[in-house]
Amino acid sequence: MSDPIDRRRFLEVAAVTGFSAGLAGRTRGDDLSAPAALPRPSRSYLTEAGDFVDVSRGNPKPFTLRGEALEKARLTPETWRLEIVGDGSSEVARPNRLEDGTALDLAGLKELGKVHGVQYLKAMQCNNIASPLGQGLWEGVPLREVLRRVGQVGNVRRVYYWGFHNDDPAQLFQSSLAYNRVMETPPWEPPPLVAYRLNGRDIPLERGGPVRMVVPWAHGFKSIKWLHRVVLTNDYKANDTYALQNNDPESYLKTAAYLGKGSLSFQAGGPAVVEGTAVVGGSGLKRVECWLRPATGADLKLANDDPAWKTAAWRPCDLMPPPDDWGAILPEGTRTEGIWGFDPKTGKPKDWPLLFSMVPWSARLDGLEPGSYEFRARAVDLNGFAQPEPRPYQKSGMNLVPCQVLVVRA
Ligand SMILES: Nc1nc2c(c(=O)[nH]1)N[C@H]1C(S)=C(S)[C@@H](COP(=O)(O)O)O[C@H]1N2
Ligand SMILES: [Mo]
């Protein structure tokens, strides 16, 4: 920036205009999608199945299989089967196996779904990628109900599970959960699902269908795609594939705000609206706040150890309010009364924003002088911790305070 605006003058401008409006005034029928500068998955409230950012191992990737290969992989609705077995360390009265025809098939799972089916909104997020991958309305049978199929069990401490991996141990992608946590999910939290529907349709192959695990509180690596096998074990360790490489295999979704990539350009005189998304982790979301300052430094961004951080003037942003008309957002025919976290009487969310979901937010900046600015955003959780605290360790979920450069043209 050749002509940085005077800091005192800037603070005056910010104080007078404040940050206002944003999405709060939007109503039904408004387009919630992003200006072109922002990636789509972070913008619309629900992400189309094909628009999730994909994180898949495998060579070939299971979703590229076709025809006979797909049938052999048991990844068609007719051929899909789920095995539920012990591993020798535990006792399982009635294991469900392929060999003897006791494995669960899709029709059987959907039959269970008629009685026990659960639906919820949940953001998918990789602990190693800053922005969420997408948000879906997931539907399936709680894992605790599926596990009842095997009858009496003994000596079980954990459950681990994996999906189709080309029958190659080197391609295995495995995850695990504590048995008690699966069987005694708090009724005030959504349970892990053996899921078969996304956004009102069968889960497409690309998203891990016909059947994928969805673990609401966890990062994506617990939500195993192309689910094939669940094992009950006496092992007490989290034997997840993601226990390796210094990932945290028990990390909870982290409450955090995210911004789009690249700089944004605005015309002086008009309002500058910056939009982002926030993930509601286990500790809830109190607010999203932002900090605008004249850009400095070679890459236009303040150094991490700059004293200016200590005196930053954070101001609240606007969260998207709960939509008045969910019909305009959810798949056709969805009854909100049946979605976890919604009041069965009113069909409205009991809390907002919803636990483990992501929610769009925006900040409107008026009266900006021409120049370059740094825009930062952070989430504050219900315990009062501001991002990245209390979790500065990034391998348990990326949540560094994001920054976007705004260029205001004369
Ligand atoms: N079978 C299998 N399941 C998997 C993976 C995988 O590579 N194979 N990747 C995991 C990881 S690390 C993430 S972040 C999520 C990503 O889900 P998505 O591709 O539907 O966005 O899937 C998880 N489930
Ligand atoms: Mo991931």
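**Reading the features**

Tutor: Let's start with a pair: Glu139 stands opposite Arg197 in E9. Before going on, note that this is a predicted model, where local features need pLDDT of at least 70 and side-chain atom pairs count only at pLDDT 80 or more, while totals for chains, interfaces and linings use all residues. Residues are numbered from 1 along each chain as its sequence is written, chains are lettered from A and ligands numbered from 1 in the order in which they are written, and side-chain values use heavy atoms, without hydrogens and water.

Student: Which strand pairs with E9 over five bridges?

Tutor: First, the idea: strands (E, at least two residues) and helices (H or I, at least four) are DSSP runs numbered from the N terminus, and two strands pair if DSSP finds at least two bridges between them. Here, strand E5 (residues 134-142) is the one, and E5 and E9 pair in the antiparallel sense.

Student: What else does E9 pair with?

Tutor: E9 also runs antiparallel to E11, with three bridges joining them; Leu193 has Val214 in E11 as its bridge partner. Then two bridges join E9 to strand E10 (residues 201-202), again antiparallel, and Arg197 stands opposite Asp202 in E10. E9 and E10 make a hairpin with two residues between them, and in the turn Asn199 has a positive phi of about 50 degrees.

Student: Is strand E9 enclosed or open to the outside?

Tutor: For that we use burial: under 20% relative accessible area is buried, over 50% is exposed, and in between is partly exposed (1.4 Å probe, protein chains only). Five of the six residues of strand E9 (residues 193-198) are buried, so E9 is largely enclosed by the rest of the structure.

Student: How do I read a whole sheet?

Tutor: One open sheet has five strands in the order E3-E1-E12-E7-E8, with mixed pairing. Strand E3 (104-105) and strand E8 (174-178) each have a single partner strand, so one side of each has no neighbour in the sheet. Strand E1 (residues 81-86) meets E3 antiparallel over two bridges, and Leu82 has Leu104 in E3 as its bridge partner.

Student: In what order do the strands of the sheet with E14 and E17 come?

Tutor: That open sheet of five strands goes E14-E21-E20-E16-E17, also with mixed pairing. Its edges are strand E14 (264-267) and strand E17 (315-316), each pairing on one side only. Inside that order, strand E20 (residues 371-380) and strand E21 (residues 403-409) pair antiparallel over six bridges. Ser372, for instance, has Val407 in E21 as its bridge partner.

Student: What sits in the loop between E20 and E21?

Tutor: Leu382 is found there, and Leu382 is exposed, with a relative accessible area of 53%. Leu382 and Ser283 are 99 residues apart in sequence, but their C-alpha atoms are 5.9 Å apart in space. Leaving aside neighbours within four places in sequence, Leu382 is in contact (heavy atoms within 4.5 Å) with Ser283, Gly284, Leu285 and Lys286.

Student: Which peptide bond has omega near 0 degrees?

Tutor: The bond from Asn59 to Pro60, which is cis. Pro60 is in the loop between helix H1 (7-17) and helix H2 (67-72). The bond from Trp352 to Pro353 is cis too, with omega near -5 degrees.

Student: How many residues surround ligand 1?

Tutor: Here a residue counts if one of its heavy atoms lies within 4 Å of the molecule. There are 18, and the closest are Val53, Arg57, Arg207, Arg212 and Lys225. A polar side-chain atom of Lys225 is 2.5 Å from an oxygen atom of ligand 1, which falls under polar contacts (pairs of N or O atoms within 3.5 Å; within protein, one must be able to donate a hydrogen and the other to accept it, and residues adjacent in sequence count only if both atoms are side-chain atoms). An oxygen atom of ligand 1 is also 2.7 Å from a polar backbone atom of Val53.
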